[in-house]
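Please read it alongside the sequence and the model shown here.

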Amino acid sequence: MYLPMMTPRRYITVVLVLVISIHYILSIAFEDYKRISSLSNWGSNLHVSEETTQENGSYAVALPDMLYHNATERANATFVLLARNSDINGVVSSMQSVEDRFNKHYNYPWVLLNDEPFTDSFKERVSIITRAPISFGLIPKEHWVQPDWIDEDRARLGRQKMMAQRIIYAGELAVALDYYLYLSYRNMCRFNSGFFFHHELLQPYRYYWRPDVKFFCDINYDPFVYMREHDKVYSFTISLTEWAPTIPTLWSTVKEFIATHPDYIDPHNAMDYLSNDGGDSYNLCHFWSNFEIADMDFWRSDAYQAFFDFLESKGGFYYERWGDAPVHSIAAALFARRDQIHFFRDIGYRHESFQHCPQGDQWSVGRCSCDPADSFDYSPNSCVRKFENLFS
């Protein structure tokens, strides 16, 4: 039987029908394809990248950069969470918030650290939250436990004094229940101040983000890339005053360090954020570190290493309750230029019991779920205005 040859017009029609059919099927089956191929995105180049996860060798497909502000042009960065196995619900909540509002478009890796091995149950719970690589690390004992040279009798007296003042995390309340609990906060502050950026799992990275928070808004760009391209070394979203009884000798120690190492102080520093009298006293302002994006090369610098070693030698992490937030804040304000510290005012987040909610167009563009009237920015104990005055 003779079949006539297909005419060019009929051939084009058949091909067109096939293409439309395949497009329709893919649009139904794959949500990412549907978004990639929408009319608003025609004419752009598609770039899809793959990363091998450390856990199981599977592949995580990054979404196209045309939709998510050049998502394949990522920074050398990671998320960092310090957690215990019992923190699983909070960790899942924080990771889910970050993934939904930002990282599902970028697939930045996660590094989770614990002073005890993570359980299989913990790993299973968090591994379904993200397609990004997750690394689970054990903190070296010498970076976590109270050093042997600390005078425990003196440290105990310090904790008892804070207990009498009803200061949170003073510690002695739990001593009869669990020795680990009452030291864990101080161990954490010391570890975050001087050791986490030396952990073997963080050695490949330059930037990190501590997201121990609830995010209110979509983040429609890459804060890591912003930090890199604008030469920022530290960033924050909430700034407030520290509880003075927890750091009675911290500022005198800082001034002693400054006198010994004046060469480490940047001439364009942010001392006016830390002090109302040119450095004679500390006004207690600091950046809240449960949200911080920072450059670990800054913490690894000679200036910061010398600073931390000096603080460590004084024992204030245990004799008092020096926190990583004032330690990081003081270092960033003194050793970096003031314009290297950034206020991410468009990133809305909450960490009990304070929150930052973007205002105006930033609130609507970010589809923020927070109430713009409920933001800590200019509350009585906020230091945001002090930071803003650095540039006025």
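Two strands count as paired if DSSP finds at least two bridges between them. The model is predicted, and with that pairing rule it contains an open sheet of seven strands with mixed pairing, in the order β5-β4-β3-β6-β11-β8-β12.

**The sheet**

- The edge strands of this sheet are β5 (134-138) and β12 (341-343), each of which pairs on one side only, and neighbouring strands are turned by 20° against each other on average, direction ignored.
- Strand β4 (residues 110-114) runs parallel to β5 and is joined to β5 by five bridges; within these two strands, Leu113 stands opposite Gly137 of β5.

**Helices across the sheet**

- Helix α3 (residues 88-101) lies across β3 (77-82), β4, β5 and β6 (207-211), and runs at about 165° to β4.
- Helix α4 (residues 120-127) lies across β4 and β5, running at about 150° to β5.

**Disulfides**

- With a cut-off of 2.5 Å between cysteine sulfur atoms, the count comes to three disulfides, and when the bonded cysteines of the protein are numbered in sequence order, the pairing reads 1-4, 2-6, 3-5.
- Cys217 and Cys368 form a disulfide with their sulfur atoms 2.0 Å apart, and this link is right-handed, with 115° about the S-S bond. Cys217 lies in the loop between β7 (214-215) and α8 (223-229), and Cys368 in the loop between α15 (360-365) and α16 (384-389), so the pair ties together parts that are 151 residues apart in sequence. Both Cys217 and Cys368 are buried.
- Cys285 and Cys383 form a disulfide with their sulfur atoms 2.1 Å apart, and the link is left-handed, with -85° about the S-S bond. This pair links distant parts of the chain, 98 residues apart, with Cys285 in strand β10 (residues 285-287) and Cys383 in the loop between α15 and α16. Both Cys285 and Cys383 are buried.
- Cys357 and Cys370 form a disulfide with their sulfur atoms 2.1 Å apart, and the link is right-handed, with 80° about the S-S bond. Cys357 lies in the loop between β14 (354-356) and α15, and Cys370 in the loop between α15 and α16, so this pair ties together parts that are 13 residues apart in sequence. Both Cys357 and Cys370 are buried.

**A further cysteine**

- Cys189 has a relative accessibility of 1% and therefore counts as buried, given that buried means under 20% relative accessible area.

How values were computed:
Residues are numbered from 1 along each chain as its sequence is written. This is a predicted model: local features need pLDDT of at least 70, side-chain atom pairs count only at pLDDT 80 or more; totals for chains, interfaces and linings use all residues. Side-chain values use heavy atoms; hydrogens and water are left out. Helices (H or I, at least four residues) and strands (E, at least two) are DSSP runs, numbered from the N terminus. Axes are lines fitted to C-alpha atoms, for helices over the stretch in contact, and angles run from 0 to 180 degrees between N-to-C directions. Contact means heavy atoms within 4.5 Å. Buried means under 20% relative accessible area, exposed over 50%, partly exposed in between (1.4 Å probe, protein chains only).
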